[in-house]
Structures are given as C-alpha cells and as structure tokens.
Amino acid sequence: GDGECIVAFQIDSNGKLINRAFAKQSTNITLNNAVYKAVMATPSYNPPPKLYNNETLKLNISFDNGNFAITMD
C-alpha cells in the first residue's frame with residue numbers, strides 16, 4: 001500500500017545502529033511493519049567516517065502506487 005514514514009537512527013563508532021525509532025509513522029500499518037523489520041534486520045554497517053559525530057540520521061521512505069523512494073536527511 002501507499003504511505004510515508006521516517007526512521008531516525010544513529011551509528012556508533014563501530015557501525016552498530018543505535019537509537020532506532022520512527023520519527024514519523026505512516027497511517028499504513030503494513031508499511032510501518034515492513035520498514036521496522038528492514039531496519040531491525042540491518043544491525044550494523046561499516047564504521048562511519050571519523051567526521052561523523054553521532055548525528056541522528058533520518059531515512060524518508062515513501063510508497064506510491066507500487067513505486068518507492070528512499071531519501072536521507
């Protein structure tokens with residue numbers, strides 16, 4: 001289904017995702033569930049660059065008529 005949500009998170013110095021949470025949930029519960037599962041299934045990334053200071057990162061996820069877009073703030 002259609003909808004938009006925003007997931008906010010931080011990455012520690014080892015690349016582990018921390019403080020994962022919705023900054024905005026969609027009215028589409030199925031979309032929220034799918035996004036949450038995808039974020040939880042990715043527990044870590046490569047360590048971030050040294051200039052990264054634990055800023056909160058936000059993924060904007062939008063589904064519209066079978067098309068999707070993911071952007072980062």
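This is a predicted model: local features need pLDDT of at least 70, side-chain atom pairs count only at pLDDT 80 or more; totals for chains, interfaces and linings use all residues.
Me: In which sense do S1 and S3 pair, and over how many bridges?

Reply: Strands of a sheet pair through backbone hydrogen bonds, either parallel or antiparallel. Here S1 and S3 are antiparallel, joined over 7 bridges. Two strands count as paired if DSSP finds at least two bridges between them. Residues are numbered from 1 along each chain as its sequence is written, and side-chain values use heavy atoms, with hydrogens and water left out.

Me: Which elements does the chain have, and in what order do they run?

Reply: Count the DSSP runs from the N terminus: helices are H or I of at least four residues, strands are E of at least two. The chain has 1 helix and 4 strands. They run β-β-α-β-β from the N terminus on. The C-alpha trace spans about 40 × 20 × 20 Å along its principal axes.

Me: What is the strand order in the sheet?

Reply: The order is S2-S1-S3-S4, in an open sheet with antiparallel pairing. The edge strands are S2 (17-24) and S4 (67-72), and each pairs on one side only. Neighbouring strands are turned by 20 degrees against each other on average, direction ignored. Axes here are lines fitted to C-alpha atoms, for helices over the stretch in contact, with angles from 0 to 180 degrees between N-to-C directions.

Me: How many bridges join the other pairs?

Reply: S1 (residues 3-11) and S2 pair over 5 bridges, antiparallel. Ala8 has Ala21 in S2 as its bridge partner. S3 and S4 also run antiparallel, with 6 bridges. Asp64 stands opposite Asn67 in S4.

Me: What sits in the turn between S3 and S4?

Reply: The two strands form a hairpin with 2 residues between them. Asn65 in the turn has a positive phi of about 55 degrees, although Asn65 is not a glycine. Asn19 also has a positive phi of about 55 degrees and is not a glycine. Asn19 lies in strand S2.

Me: Are Asn65 and Asn19 buried or exposed?

Reply: Asn65 counts as exposed because its relative accessibility is 64%. Asn19 is exposed too, at 55%. In the chain, buried residues make up 32% of the 73 residues.

Me: Which residues does Gly15 touch?

Reply: Contact means heavy atoms within 4.5 Å. Gly15 is in the loop between S1 and S2. Leaving out residues up to four places away in sequence, Gly15 touches Pro43, Ser44, Tyr45, Asn46, Pro47 and Pro48. Gly15 and Asn46 are 31 residues apart in sequence but 5.1 Å apart in space, C-alpha to C-alpha. Gly15 counts as buried because its relative accessibility is 0%.

Me: What is the nearest opposite charge to Asp12?

Reply: Lys and Arg count as positive, Asp and Glu as negative; His and the chain ends are not counted. A salt bridge needs a side-chain nitrogen of Lys or Arg within 4 Å of a carboxyl oxygen of Asp or Glu. Asp12 is buried and has no salt bridge; Lys16 is the nearest side chain of opposite charge, 5.8 Å away. Asp12 belongs to the loop between S1 and S2. The backbone nitrogen of Lys16 lies 2.9 Å from a polar atom of the Asp12 side chain. Beyond four places in sequence, Asp12 touches Ile18, Pro48 and Asn54.

Me: Which backbone nitrogen does the side chain of Ser26 reach?

Reply: The nitrogen of Asn28, at 2.9 Å. A polar contact is a pair of N or O atoms within 3.5 Å; within protein, one must be able to donate a hydrogen and the other to accept it, and residues adjacent in sequence count only if both atoms are side-chain atoms. Ser26 is in the loop between S2 and H1 and is buried, at 7% relative accessible area. Its contacts, leaving aside neighbours within four places, include Glu4, Cys5 and Leu31.

Notes
Buried means under 20% relative accessible area, exposed over 50%, partly exposed in between (1.4 Å probe, protein chains only).
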